[in-house]
Amino acid sequence: MAHTVEKIGGTSMSRLNELRDTLFIQNGKAEYGRIFVVSAFGGITNLLLEHKKTGTPGVYARFANAEDDHGWLDALNEVSSAMIAAHEVVLEHQGDIDQATAFVQERIEGARNCLIDLQRLCSYGHFRLNTHLLQIRELLSGLGEAHSALVAVLMLQRAGVNARLVDLSGWRGDADLSLEARISSGMDGIDPATEMPIVTGYAQCAEGLMREFDRGYSEVTFSQLAAQTGAREAIIHKEFHLSSADPKLVGEGNARKLGHTNYDVADQMANLGMEAIHPSAAKTLRQSGVPLRVTNCFEPEDPGTIIDDQPAPKPAAEIVTGLDIIALELFEQDMVGVKGYDAAVLEILTRHDVRIVSKVTNANTVTHYLDASLKSMRRVEADLSKRYPQAEINSEKLSLISVVGRDLSGLHVLARGMNAFAKDDILPRGATQGPRNVDTQFILQREDKDKAIALLHEEFFCSSEAETRMAA
């Protein structure tokens, strides 16, 4: 039987000691035939780069914008303390703790010296710091995963597991390898049937994972490893199940585990910020024919949810979720019959790295629903005003709620959703459903988002009509 490739996220890694005897060791015996890809401990990558949600600067952001050394040096010291605190929680043996601490100190000191040398080099006019920023981001990213992988290996070896560290971070390496070659080199000579490889989620490669995937790099490494080694199955261990909605909004007893869905639905989830897997990673798995399983790592007896390329056996809603967005509206009376407006807006949004969630157009208006910060939006609006000085440009904070499923045909999602809202005096600002019948979107005021999700979930999962359809 072929092996599996399994990924553990940062939040779960912070509870690594709780997973030793349930996920890695089962019934007192190490389960081989499994390759684990690990993320950094929870919060470490935020400290190394910047906070993923709030944007609070970490080492990278402070170094890139440094007016003096104190900010980024202090931030690097904070990372060192946080790493040591993380492994002191999960490791029991003092020898293992000392080894992990020495590892952190060596890597942090190496990174510090590298950044100081680079700063000194760029003090000469022939060198520019901005040409090296991407490499700095890559270097810092690898610190977190290398640390967590080592800690996992120390913990497992102490428990009698034949675990091996596979460090793909390229630390002090001089080879400029492709991702495929980096993985092949790291896995060379390893037999998953008799040992348990613990692989860093970050892989240094010639393509530069951060350039294209940024914080999604660990899932790209995970999927490439699964495809490249011919895994029987790729498994992502999260701290929750993929459910029909957020249990906090619809009630623990009402949320339903998906159980089975496909990559089309996974893509829609990613578009709405409810990411089961990075779209590029999903593409790699889909094209290589490797099914993905998403499990709750703290419920190892539950098989979780399978994601593959199979269509739905019958039409059904599977998920209701929402995302806070900003609606960017460009109104120009002379737009009718003139080409180029949409392309111009897209070019500006791309230049400012603003993500488009959805859009709608009519004769003289183009409206994009965006996942963006207000800071980015101010820049976008300024560029649009220069391009179209006669246009009216407006931005508004809204929310997008979506009902998603492999096949929504015949469910009258649009009509039933609007009717459910009307009963509770919620007036949507817009709604749309494409011909592919995999999602229906409703645009609402932000204050109505949570209530709207609960109403739609009630309609499609808990109502008598929903129950009848599911029974059929």
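Arg 172 is exposed in this predicted model, with a relative accessible area of 66%. The place of Arg 172 is the loop that runs between strand 5 (163-166) and helix 8 (179-187). Its backbone is worth a look too: phi of Arg 172 is near 55°, a positive value in a residue other than glycine. Below are another loop residue, a strand residue and a helix pair.

**Asn 27**
- Asn 27 lies in the loop between strand 2 (25-26) and strand 3 (29-30).
- Phi of Asn 27 is near 55°, which is positive although the residue is not glycine.
- Asn 27 has 83% relative accessibility and therefore counts as exposed, the cut-off being over 50%.

**Thr 365**
- Thr 365 belongs to strand 13 (residues 365-371).
- With a relative accessible area of 10%, Thr 365 is buried, because that value is under 20%.
- The side chains of Thr 365 and Asn 364 make a polar contact (3.2 Å).
- Leaving aside residues up to four places away in sequence, Thr 365 touches Glu 329, Leu 330, Phe 331, Met 335 and Val 360.

**Helix 2 and helix 7**
- Helix 2 (residues 16-24) packs with helix 7 (residues 133-158) at an angle of about 55°, and their axes are 11 Å apart.
- The two helices are therefore oblique to each other, and their crossing is right-handed.
- Helix 2 makes the contact through Leu 16, Asn 17, Arg 20 and Phe 24, while helix 7 uses Val 151, Ala 152, Met 155 and Leu 156.
- By class, this contact has six nonpolar residues, one polar and one charged.

Definitions and conventions:
Residues are numbered from 1 along each chain as its sequence is written. This is a predicted model: local features need pLDDT of at least 70, side-chain atom pairs count only at pLDDT 80 or more; totals for chains, interfaces and linings use all residues. Side-chain values use heavy atoms; hydrogens and water are left out. Axes are lines fitted to C-alpha atoms, for helices over the stretch in contact, and angles run from 0 to 180 degrees between N-to-C directions. Helices (H or I, at least four residues) and strands (E, at least two) are DSSP runs, numbered from the N terminus. Angles under 35 degrees count as roughly parallel, over 145 as roughly antiparallel, 65 to 115 as roughly perpendicular and the rest as oblique. A crossing is left-handed if the near helix is turned anticlockwise from the far one by less than a right angle, and right-handed if clockwise. Contact means heavy atoms within 4.5 Å. Ala, Val, Leu, Ile, Met, Phe, Trp, Tyr, Cys and Pro count as nonpolar, Asp, Glu, Lys and Arg as charged, and the others, Gly among them, as polar. Buried means under 20% relative accessible area, exposed over 50%, partly exposed in between (1.4 Å probe, protein chains only). A polar contact is a pair of N or O atoms within 3.5 Å; within protein, one must be able to donate a hydrogen and the other to accept it, and residues adjacent in sequence count only if both atoms are side-chain atoms.
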